[in-house]
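Colleague: Could you walk me through this one? I'd like to start with what counts as a contact.

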Amino acid sequence: MVTRTAARPARRPLTHGAVTCPRPVPGAALRLFLFHHAGGSHLLYRDWEHEFPADWEVCVLDAPGRGRLSDTPLIDNSDELVAFFVRELQPWTERPFAFFGHSMGSLVAYELTRRLAAEGRSLPVWLGVSACGTSPRPARGTTTPTARHLLTDGELREWLRSVGGTPDAVLNDDATWRHFGPMFRNDFALVDTWRPAADAPPLRTPVSAFGGDADPVVGRERLAAWAGRTERFLGLNMFDGGHFYLAHHRRPVARRITAAVAAARRTAREHLV
C-alpha cells in the first residue's frame with residue numbers, strides 16, 4: 001500500500017518564479033511538474049499533491065501573466081514559452097522528474113521535452129499529455145474553431161461556455177472578462193498557431209495520453225496519435241467526461257500517472273542492466 005502524504009508532517013509551500021511546490025519533500029525520489037491549460041493557472045492542480053506517493057515532490061507551474069507572475073508579460077509563442085520554462089526549471093531538474101500537461105500544457109510539456117533533448121539536457125522519465133492532439137487541426141466532427149484568438153468576445157465566451165471548465169463568473173461579468181479575456185486570447189493564439197516539426201524524431205521519453213470520452217475538442221483518435229511521437233507509447237487512458245474530465249477524476253488520474261511513471265522507470269532500469 002502506498003503511504004499517502006496525510007501521515008506526514010505538514011511543510012510550508014515553496015514558490016520560486018514559475019514553480020510552486022505545495023509540499024516540499026527533502027530528498028524526493030521524483031519531481032512531477034504539472035502544466036496548466038489555456039487561460040488557466042497552477043490552480044487547476046490544487047491539492048493534487050496529496051494523491052501521489054509520499055516521496056514524490058509535486059510542482060505546479062504558471063506561465064507568465066498569471067498567479068505570482070501576473071505582472072510579467074504574456075507569451076503567445078510556444079518556442080518563447082518553452083525557453084521560459086527551460087530557464088525556470090533548470091534549478092529543479094537535478095533529480096529524476098516527470099511532466100504532465102493538460103490541453104495547452106500538454107503541447108508545452110511536449111515541446112519542452114524536445115528542447116531538452118536537442119540541448120543534451122536531462123530528460124523527464126515520463127511525459128503525460130491530456131486533452132491535446134498532436135497537431136492543432138481539429139479532428140472531423142469536433143466544434144473547435146481553428147483560430148479561437150480571432151473570435152469576437154461574444155463568440156469566444158460562448159465557445160468557452162460550451163466546452164466547460166471556465167467559471168460562470170468569468171464569462172458572465174464584463175469587468176471580470178476584461179481581465180481574463182486577453183489571457184484566453186493570448187493562450188489560444190499560442191495553441192492555434194502551434195505547428196509541430198514534421199521531421200521531429202520520436203521522443204526517447206515514454207508517453208501516456210489521457211482524455212475524456214465526451215471531449216468536444218480532442219477525440220480519441222487524436223489522443224491515440226501520440227503513439228507516433230514517442231519510441232514507447234504507454235497507452236491511452238480515457239475517463240468519463242469532457243475536456244475538463246480530470247476535475248472529476250483527480251484520484252484515478254493520479255493513480256494512472258503513478259503507475260505509468262513506475263513503468264517508465266522500471267523499463268529504464270532494465271535497459272541499464
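Modeller: Happy to. Contact here means heavy atoms within 4.5 Å, and this is a predicted model.

Colleague: Good. So which residues is Thr113 in contact with, leaving aside neighbours within four places in sequence?

Modeller: Thr113 is in contact with Phe99, Leu123, Pro124, Leu127, Leu203 and Thr205. Thr113 itself lies in helix H2.

Colleague: And is Thr113 buried or exposed?

Modeller: Buried: the relative accessible area of Thr113 is 1%, and the cut-off for buried is under 20%.

Colleague: What about the rest of H2, how many of its residues are buried?

Modeller: 11 of the 15 are buried, so H2 is largely enclosed by the rest of the structure. Among them are Met104, Gly105, Glu111 and Leu116.

Colleague: What span should H2 have, and how far apart are its ends?

Modeller: With 15 residues at 1.5 Å a residue, H2 should span 21 Å, and its end C-alpha atoms are 21 Å apart, which agrees. After H2 comes Gly120, which has a positive phi near 70 degrees.

Colleague: Switching topic: which residues have the most contacts inside the largest nonpolar core?

Modeller: Those are Phe33, Phe35, Phe85, Phe99 and Leu112, in a core of 53 residues. Helix H2 (residues 104–118) supplies the largest share of this core, seven residues. There is also a second, separate core of 22 residues, including Phe52 and Phe239.

Colleague: Lots of Phe there. How many aromatic pairs does the structure hold?

Modeller: It holds 18. One of them joins Phe35 and Phe99 edge-to-face, at 5.2 Å centre to centre with 85 degrees between the planes. Phe35 is in strand E3 and Phe99 in strand E5, so the pair ties together parts 64 residues apart in sequence. Both Phe35 and Phe99 are buried.

Colleague: And what does Tyr110 pair with?

Modeller: Trp226, also edge-to-face, at 5.2 Å centre to centre and 70 degrees between the planes. Tyr110 lies in helix H2 and Trp226 in the loop between helix H6 (220–224) and strand E8 (233–239), so this pair ties together parts 116 residues apart in sequence. Tyr110 counts as buried at 1% relative accessibility, and Trp226 is buried with a relative accessible area of 1%.

Colleague: Last one: which residues do ring pairs link into a cluster?

Modeller: Phe33, Phe35, Phe84, Phe85, Phe97 and Phe99.

Terms used:
Residues are numbered from 1 along each chain as its sequence is written. This is a predicted model: local features need pLDDT of at least 70, side-chain atom pairs count only at pLDDT 80 or more; totals for chains, interfaces and linings use all residues. Side-chain values use heavy atoms; hydrogens and water are left out. A nonpolar core is a set of buried Ala, Val, Leu, Ile, Met, Phe, Trp, Tyr and Cys residues joined through side-chain atoms within 4.5 Å. Buried means under 20% relative accessible area, exposed over 50%, partly exposed in between (1.4 Å probe, protein chains only). Helices (H or I, at least four residues) and strands (E, at least two) are DSSP runs, numbered from the N terminus. The expected span of a helix is 1.5 Å times one less than its number of residues. Rings of Phe, Tyr and Trp (its six-membered ring) pair if their centres lie within 6.5 Å; planes under 30 degrees apart count as stacked, over 60 as edge-to-face and the rest as tilted.
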